[in-house]
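Reader: Could you walk me through the ligand site in this one, and then the chain around it?

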Amino acid sequence: MPNNTNTYIAELKGKTGQEVTLAGWLYNSRASGKIQFLIIRDGTGLCQCIAEYGKVPDEVFDKLKHLGQESSLTVTGVVRAEERSVGGFELAVTGAEIISPAVDYPITPKAHGIDFLLKNRHLHLRSQRQWCIGKVRHTVVDAIRRFFNDNGFTLIDTPILTGIIGEDAGSLFEVDYFGESAHLTQTGQLHLECAAMSFGRVYCFGPTFRAEKSKTRRHLTEFWMVEPEVAFIDLAGLLELAENFVSFVVGQVLEKNESELKTLGANIESLKKIQPPFYRLTYTEAAEILKSKKTQDFLAAQLNEFKSQKQQIEKKIGELENEAKGSVKQWRADKIAAELIELRSELEETGTKIENNPKHAKLAAEFEWGKDLGGSDETIISLMHNKPVFVTCYPKEAKAFYMKADSPRFAGEAGRSNDKVVLNFDMLAPAGFGEIIGGSVREDDYEMLLERINKQGLNAENYDWYLDLRKYGSVPHGGFGLGVERTVAWLTGEKHIRQCIAFPRMMDKIYI
Ligand code: ATP
Ligand code: MN
């Protein structure tokens, strides 16, 4: 049985020549005559273990041969360095003990459809891809805390059950709170502003709930958000904080998760470029870009690229289907079936892109000053840049009540003075990933804030305490929120953020 004399796969380095025991699960195996290749995973990594007939007791050799994927076991053997092997080490097996055999594990190394995998997330978490994403997420969360803790911020835990609306009344999860209506938090910001007046620099980091009714690859109904809030800061200061923060997080992931990023096929070279300063555009400039000929040309070129991708995928599918019709060995037939699943889902995705491209081009061309940037607009701006882009100073009417209107006082930082816009920003991750941060300077003037609250049809009474902050020693202040899942999706190159949290919650289903 496992005990503390076992060795973790991650610790094999430096143990070459020694006999060790690994405790884990059988990830994959194949036999070739008198040799079995067993891939063991133990939570710290993968290790190929080679059992040779005659070098392990016959009965152990036989048991291993019939052992199902995901059976738990201990394997004892001698460590040898092997560059070509996963993890760089191999075990020459001398013995093994089966702890609990698994029969017919439903998720085979073959490809499966996403619905099947989501229904089986409790098991799919064991896959290498999910494991790698989980490791990256862990580093992201650790780096977030580290950055703020090391830069003078105090952690404030803001409530999850609240009575006050922070973002958008249309996406609240209502809770019956002893006969009163309360809801699950959409942001910790309003409470955090109180704390910033006590501690100066604060952050909260917790689960956030939004009843998102649209199904997009960027929206979950429960996600994790970190929100710093700073007293005595202006828009320029916030942008600087955000770019230093994101660069630090990316740097930590590059340092600690290079092998996971490689396995995931992430674009490591482009991540290495994530250093301050990021690009800065005003909303007005972004709107001009969207309407420009350059954007239309860019989208037209993209459409051509998608079309040629589609042809290539179709050609490949045709070839594989033909091959499968002939007489092929079982292993080859399995491989073809897996590849076809992948290719067909790629084909579908490419088809959607081809369908959406003209729609997005039209939306961009007809973009009117005053509208919020839509998902496709963000994607276009983000695709045109190789580093994150700040888009600042959105039209007041499109934004939340608490965002401070521009004024001559901030003219220098914002590049213009115009009370039709607010001192806010979104940070768009590059290469089409889109928004990962939203933030702003907060309205610190009592009268102005009250007017915005009333204008938006909110009940001012509920905001008494929030307004108090503007009565007793109000100061310029601001902050932002970064979504963990979107950040992880960007860093890992994962297309859908549902893959970036262990147990995703979405509009259509709570799977597990
Ligand atoms: P979007 O316009 O994309 O819905 P938002 O403007 O509602 O985003 P903010 O209110 O500014 O987003 O929230 C800050 C950050 O929280 C976002 O930049 C994003 O990273 C994250 N976020 C917001 N909504 C979601 C969601 N439903 N699922 C996952 N992350 C989210
Ligand atoms: Mn939203």
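**Ligand contacts**

Author: In this predicted model, an oxygen atom of ligand 1 sits 2.8 Å from an N or O atom in the side chain of Arg 210, which is a polar contact in the sense of a pair of N or O atoms within 3.5 Å.

Reader: What lies 2.6 Å from an oxygen atom of ligand 1?

Author: That is an N or O atom in the side chain of Glu 435, while Gly 483 places a backbone N or O atom 3.1 Å from an oxygen atom of the ligand.

Reader: And how much of the accessible area of ligand 1 does the protein cover?

Author: The protein covers 84% of the 590 Å² that ligand 1 has on its own, with areas from the Shrake-Rupley method and a 1.4 Å probe.

Reader: Which elements give two or more residues to the shell?

Author: They are β11 (222-231), β15 (434-441) and β16 (477-483), where strands are DSSP runs (E, at least two residues) numbered from the N terminus; β15 supplies the largest share, four residues.

Reader: Switching to the whole chain, what percentage of the residues is buried?

Author: Of its 512 residues, 48% count as buried, meaning under 20% relative accessible area with a 1.4 Å probe and protein chains only.

How values were computed:
Residues numbered from 1 in each chain as written. Chains lettered and ligands numbered in written order. Predicted model: local features only at pLDDT ≥ 70, side-chain atom pairs only at ≥ 80, totals over all residues. Heavy atoms only, no water. Polar contact = N/O pair within 3.5 Å; in protein donor to acceptor, adjacent residues only side chain to side chain. Buried < 20%, exposed > 50% of the residue type's maximum accessible area, 1.4 Å probe, protein only.
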